[in-house]
Amino acid sequence: MSTVTTPKLSVQGLTKSYDGTPVLERVDLLVEDGSFCTIVGASGCGKSTFLRMLLSQELPTRGQILLDGEPLPDEPTPDRGIVFQKYSVFSHLTVAENLILAAEFAAAPLSGRLFGKSRRQAMGDIDEILDRIGLKAAADRYPVQLSGGMQQRLAIAQALIKKPNILLLDEPFGALDPGIRVDMHELLLGLWKDLGMTIFMVTHDIHEAFKLGTRLLVFDKVRHDPQAPDAYGATITYDLPLSSPNSSPEKLPEDIAGAIRRPEKQPFPNAQLPKIHEERS
Ligand SMILES: Nc1ncnc2c1ncn2[C@@H]1O[C@H](COP(=O)(O)OP(=O)(O)OP(=O)(O)O)[C@@H](O)[C@H]1O
């Protein structure tokens, strides 16, 4: 007897336009709980917009997103955390104080304050997270006293304090040196495995996308009018499983690699439509 499981996320006919200009068109996607989806695509094709819709920071123009089979709430909720390339932590608060503030707003969005048992619980969570992400010794430092990698650890901790089961990462390591990026990859993979989150991560680094993801989503336009470059939006043109040991960016078909490299406004090199949901051999 087969059992049917509800996907963690179901994206159905998602379209987003700004002032009538389409950015994303008819995006369809089913994502299982615990997946690590890496997202690549030309600059300006709508990757961040897609993440903001998963967070409910933006509402779709058409279509819908279901979370555990239910329509996504209209507002961001603590079960969905986000980390940006440059996170604006409060510079006048220490590492620990920044985390306390994040915990307070997650637990008590209206008052922004925690008292008694809830506060003790939050302090325990903060201690555990600081330990987990290697910032315990820096708990009393101010952001200006942290390296870039440490600041991104703090940004990740701020998202994790809300105990999200979906973590959205928008080029989180884009500003870091290559050596620090490798450390951050290990940290992120460890957190993903231990905490069982579903992750969506936008990156411009195809090697990073292959190394971290269980699934690669390529955003691109399937229709393009050279006379009207903004006439059509992007969608998911390739959806590749990355679990095979043979997965490698070097084996990427040239039309996918080209879609990732191509600046968004540049016309398509040929009129051929990319194949959707193609799997590599
Ligand atoms: N709030 C907004 N109002 C109007 N246009 C917007 C808004 N947000 C994004 N856009 C436009 O939507 C398009 C997609 O932007 P988005 O930031 O999602 O792209 P991206 O793929 O994440 O780009 P990049 O890789 O350069 O970060 C861009 O043309 C952008 O100018």
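## Helix 4 and helix 5

In this predicted model, helix 4 (residues 148-160) packs with helix 5 (residues 178-195) at an angle of about 25 degrees, and their axes are 10 Å apart. Because angles under 35 degrees count as roughly parallel, helix 4 is roughly parallel to helix 5.

## Helix 2 and helix 4

Helix 4 also packs with helix 2, again with an angle of about 25 degrees, and here the axes are 9 Å apart. Helix 2 and helix 4 are therefore roughly parallel to each other. Helix 2 passes helix 4 in a crossing that is right-handed.

Helix 2 contributes Val95, Asn98, Leu99 and Ala102 to this contact, where they meet Leu154, Ala157 and Gln158 of helix 4. The classes here are 5 nonpolar and 2 polar residues, with no charged residues.

## Helix 2 and helix 3

Helix 2 (residues 95-107) has a further partner in helix 3 (residues 116-132): the two axes come within 10 Å and cross at roughly 130 degrees. That angle makes helix 2 oblique to helix 3. The crossing in which helix 2 passes helix 3 is right-handed.

From helix 2, the residues in this contact are Ala96, Leu99, Ile100, Ala103 and Ala107. They meet Ser118, Ala122, Asp125, Ile126 and Ile129 in helix 3. By class, the contact holds 8 nonpolar residues, 1 polar and 1 charged. Leu99 of helix 2 takes part both here and in the contact with helix 4.

## Around the ligand

Which residues surround the ligand? They are Tyr18, Val23, Gly41, Ser43, Gly44, Cys45, Gly46, Lys47, Ser48 and Thr49. The largest share of this shell comes from helix 1 (residues 47-55), which supplies 3 residues.

The shell around the ligand divides into 3 nonpolar, 6 polar and 1 charged residues.

## Confidence in the model

For the complex, the predictor gives an ipTM of 0.97 and a pTM of 0.86. The chain has an average pLDDT of 85, and 83% of its residues score at least 70.

Where does pLDDT stay under 50? This is the case over residues 265-281, for which the model has 19 contacts beyond four places in sequence.

Conventions. Residues are numbered from 1 along each chain as its sequence is written. This is a predicted model: local features need pLDDT of at least 70, side-chain atom pairs count only at pLDDT 80 or more; totals for chains, interfaces and linings use all residues. Axes are lines fitted to C-alpha atoms, for helices over the stretch in contact, and angles run from 0 to 180 degrees between N-to-C directions. Helices (H or I, at least four residues) and strands (E, at least two) are DSSP runs, numbered from the N terminus. Angles under 35 degrees count as roughly parallel, over 145 as roughly antiparallel, 65 to 115 as roughly perpendicular and the rest as oblique. A crossing is left-handed if the near helix is turned anticlockwise from the far one by less than a right angle, and right-handed if clockwise. Two residues are in contact if their C-beta atoms, placed from the backbone, lie within 7 Å. Ala, Val, Leu, Ile, Met, Phe, Trp, Tyr, Cys and Pro count as nonpolar, Asp, Glu, Lys and Arg as charged, and the others, Gly among them, as polar. A residue is near a molecule or strand if its C-beta atom, placed from the backbone, lies within 6 Å of it. pLDDT is the predictor's confidence in each residue, from 0 to 100.
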